[in-house]
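Dear colleague,

I am passing on the structure we spoke about, and below it you will find my notes on what turned up in it. Please read them with the coordinates open beside you.

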Amino acid sequence: MTTPDADLRWIHLLERGTQDRTLLLLHGTGGDERSLLDLGRRLAPGAGLLSVRGRSLEEGFPRFFRRFSAIQYDQPHLNAEADALADFVTQAAAHYGLNPAAVTALGYSNGANIALATLVRRPGTFAGAALLRPVMALEDPPHPDLGGVRVLALHGARDPFSPHAAALGPYLRGLGADLTEQTVNAGHELAQQDLALAAAWLAAGA
């Protein structure tokens, strides 16, 4: 485990792997840089793990960007933090000697939403993105060329937020992304089916 470097401006942890690939782990609301480490180890054995804590607080709980309600997000802050995360990934890759072309984002809930925003605002930051329980948080999303970029989106059939994810698939396909989208028998929480699908998707892109 590598000690965080304060100069990188985000609280984070790095576990070096035996592969060239790095998973950028992005937690959900209330999580931190340790929340998804076990998940990352299970889903992609051998990958390096770069796990980041969101810099926004909601009643003391970390998030990656502010929101006004459960489904209304602070758009300027979302955009600014997505850009800042892209800068962090670039700087961390240089600092730690990681391959910047082999960083895949793995985000859950709020973490999935910042991953998506970073993916479309700053193309090239990620080689791909696994989005677990994402919604379409961007109100005025950009339209970059994502031709061939691998994206996984996993929704919960009983997730109360799932209606707000309906536009995500058509949007990403319209950008040319290589999208795998599936709804699993679960709520907002992750289920065993999520883990199996995410592990298979990650293995296929190794």
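The buried residues of helix H5 pack against strand E2 (22-26), helix H1 (37-43), strand E8 (103-108), strand E9 (128-132), strand E10 (150-156) and strand E11 (178-184). Please keep in mind throughout that this is a predicted model.

Helix H5 itself covers residues 192-204, which makes 13 residues, and its span of 18 Å from the first C-alpha to the last is close to the 18 Å expected at 1.5 Å a residue. The buried residues in H5 are Asp194, Leu195, Ala198, Trp201 and Leu202. They lie on the same side of H5, because the arc they cover around the axis is only 135°. On the face turned away from that buried side, H5 carries the exposed residues Gln192, Ala203 and Ala204.

One of the buried residues of H5, Asp194, also takes part in a salt bridge with Arg133, where the closest N and O atoms are 2.8 Å apart. Since Arg133 lies in the loop between E9 and E10 whereas Asp194 belongs to helix H5, the pair ties together parts that are 61 residues apart in sequence. Are the two partners buried or exposed? Arg133 has a relative accessible area of 1% and is therefore buried, and Asp194, at 1% relative accessibility, counts as buried too.

Arg122 forms a salt bridge with Asp87, the closest N and O atoms being 2.6 Å apart; here Arg122 sits in the loop between H3 and E9 and Asp87 in helix H2, 35 residues apart. As for accessibility, Arg121 is partly exposed at a relative accessible area of 31%, Arg122 is partly exposed at 28%, and Asp87 counts as partly exposed at 33%.

Turning to the nonpolar interior, I would start from the general point that, in soluble globular proteins, nonpolar side chains tend to be buried together. The largest nonpolar core in this model has 46 residues, and those with the most contacts inside it are Leu24, Leu26, Phe88 and Leu172. At least two residues of this core come from each of E2, strand E3 (48-52), H2, E8, H3, E9, E10 and helix H4 (168-174), while the largest share, nine residues, is supplied by H2. If neighbours within four places in sequence are left aside, the contacts of Leu26 include Leu36, Val52, Phe64, Leu85, Leu106, Tyr108 and Ile114. A second, separate core has 20 residues, among them Leu36, Leu43, Leu154 and Ala198.

How accessible is Thr118? Its relative accessible area is 0%, so Thr118 is buried. Not counting residues up to four places away in sequence, Thr118 touches Ala82, Leu85, Ala86, Pro123, Thr125 and Phe126.

With kind regards

Methods
Residues numbered from 1 in each chain as written. Predicted model: local features only at pLDDT ≥ 70, side-chain atom pairs only at ≥ 80, totals over all residues. Heavy atoms only, no water. Helix = DSSP H or I, 4+ residues; strand = E, 2+ residues; numbered from the N terminus. Expected span 1.5 Å × (residues − 1). Buried < 20%, exposed > 50% of the residue type's maximum accessible area, 1.4 Å probe, protein only. Arc of directions from axis to C-beta. Contact = heavy atoms within 4.5 Å. Salt bridge = Lys/Arg side-chain N within 4 Å of Asp/Glu carboxyl O. Core = buried A, V, L, I, M, F, W, Y, C linked by side-chain atoms within 4.5 Å.
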